Amino acid sequence: MGGGGNMTAPPEKKKTPLERVPSSKPPFTLGDIKKAIPPHCFQRSLIRSFSYLIQDLILVSLFSYIANTYFHTLPSPYYYLAWPAYWIAQGCVCTGIWVIGHECGHHGFSDYQWVDDTVGLILHSALLTPYFSWKHSHRRHHANTGSLENDEVYIPRLKSKLRWYYKYLNNPLGRVLVLAFTLTCAWPLYLILNISGKKYDRYACHYDPYSPIYTNRERLQVCISDAGVIAATYVLCRVTLTQGLAWLVCIYGVPLLIVNGFIVLITLLHHTHSSLPHYDSSEWDYLRGALATVDRDYGVLNKVFHNVTDTHVLHHIFSYISHYHAMEATNAIKPLLGEYYQFDDTPILKALWRDTKECIYVEKDKDKGVYWYKNKL
């Protein structure tokens, strides 16, 4: 008797990663989300941004120096272990550098657009990414995320639009082959052939200033991007003549392949998840599209990748917030977003296998204009 006053409420049921997020219009606005974020999170520091970049460049230089100076002195077993360790470490750090270039494209590096574009052009050109070309197409992706008609990349297919060979790849061996191809070839093929990109009425290419991807105002910057990649390629050719092709492949080529793989892996897993809706034009709006993304946990690599992995929902709402404020801002908006915020801490390789298996195509469920991933072929 009387003990009822000490009773505690039953624990709230924890949301599972695969539980669908709401697809209805959220009860909060973009302005409400902005008010929830501490004002200093919107401030960009040139010095702080450069400190992260310099830190990454020091690591890249150090790793290259160690590999170039000491690996050839190692006895046979250690020699063959040292190179894969170098490739992974260098590839991860260079991915972080690519992410800083991506941040420049969103004007999140400093308060000066010319500084952001200069730094971004240098960094992305060094990694053979056409900076302005991708900046413009990526901006359209942010403006149309989750739209089946207008998104720029990672647009899921309707079941009726699946290619004939999908039924032969929907098995473990097929998925291994698809993933191997995707992680090694998808990034350059996207830039060259626009695979997995928005369908245009003619050939679309990130290196073509007259590609339908771009407006007349953007064509000059596409040419500048091309010049940056050509200049980087010329330097690599000169290095090959002096150091040899094997040296270039080991020091630069394999880490670049890892960077390309991480670019695809990170973006693929941000936008491919069975809990996330896609919308046609009757239902889509900017905020619901921006919320149709998922944060992932890459462990220690979250920091190496400057938190682009675990603050992606915020990034799609306010893409110009610098990475060093992104985690604080994410934590600030989580209570407001509630069920509309999606985080999946499934180990990355397990999540990659699961999501490529479960997310084959989209179709309407009960909601008009709202589509969900399915896998029944």
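**Reading helix contacts, a buried threonine and a pocket**

Modeller: Start with a contact (heavy atoms within 4.5 Å): Pro 172, Arg 175, Val 176, Leu 179 and Leu 183 in α7 meet Leu 352, Trp 353, Thr 356 and Lys 357 in α14. Six of these residues are nonpolar, one is polar and two are charged. Charged means Asp, Glu, Lys and Arg; nonpolar means Ala, Val, Leu, Ile, Met, Phe, Trp, Tyr, Cys and Pro; the others, Gly among them, are polar. This is a predicted model: local features need pLDDT of at least 70, side-chain atom pairs 80 or more, while totals for chains, interfaces and linings use all residues. Numbering runs from 1 along each chain as its sequence is written, and side-chain values use heavy atoms, without hydrogens and water.

Biologist: At what angle do α7 and α14 cross?

Modeller: Axes are lines fitted to C-alpha atoms over the stretch in contact, with angles from 0 to 180 degrees between N-to-C directions. Here α7 (172-193) and α14 (348-358) cross at roughly 110°, their axes coming within 11 Å. The pair is therefore roughly perpendicular (65 to 115 degrees). Helices are DSSP runs of H or I, at least four residues, numbered from the N terminus.

Biologist: Is Thr 330 buried or exposed?

Modeller: Thr 330 is buried, because its relative accessibility is 1% (the cut-off is under 20%, with a 1.4 Å probe and protein chains only). Thr 330 sits in α13 (323-337). Beyond four places in sequence, Thr 330 touches Asp 295, Thr 311, Leu 314 and Tyr 341.

Biologist: Which helix gives the most to the lining of the second largest pocket?

Modeller: That is α9, with six residues. The lining holds 18 nonpolar residues, three polar and no charged.

Methods
Helix = DSSP H or I, 4+ residues; strand = E, 2+ residues; numbered from the N terminus. Buried < 20%, exposed > 50% of the residue type's maximum accessible area, 1.4 Å probe, protein only. Parallel < 35°, antiparallel > 145°, perpendicular 65-115°, else oblique.
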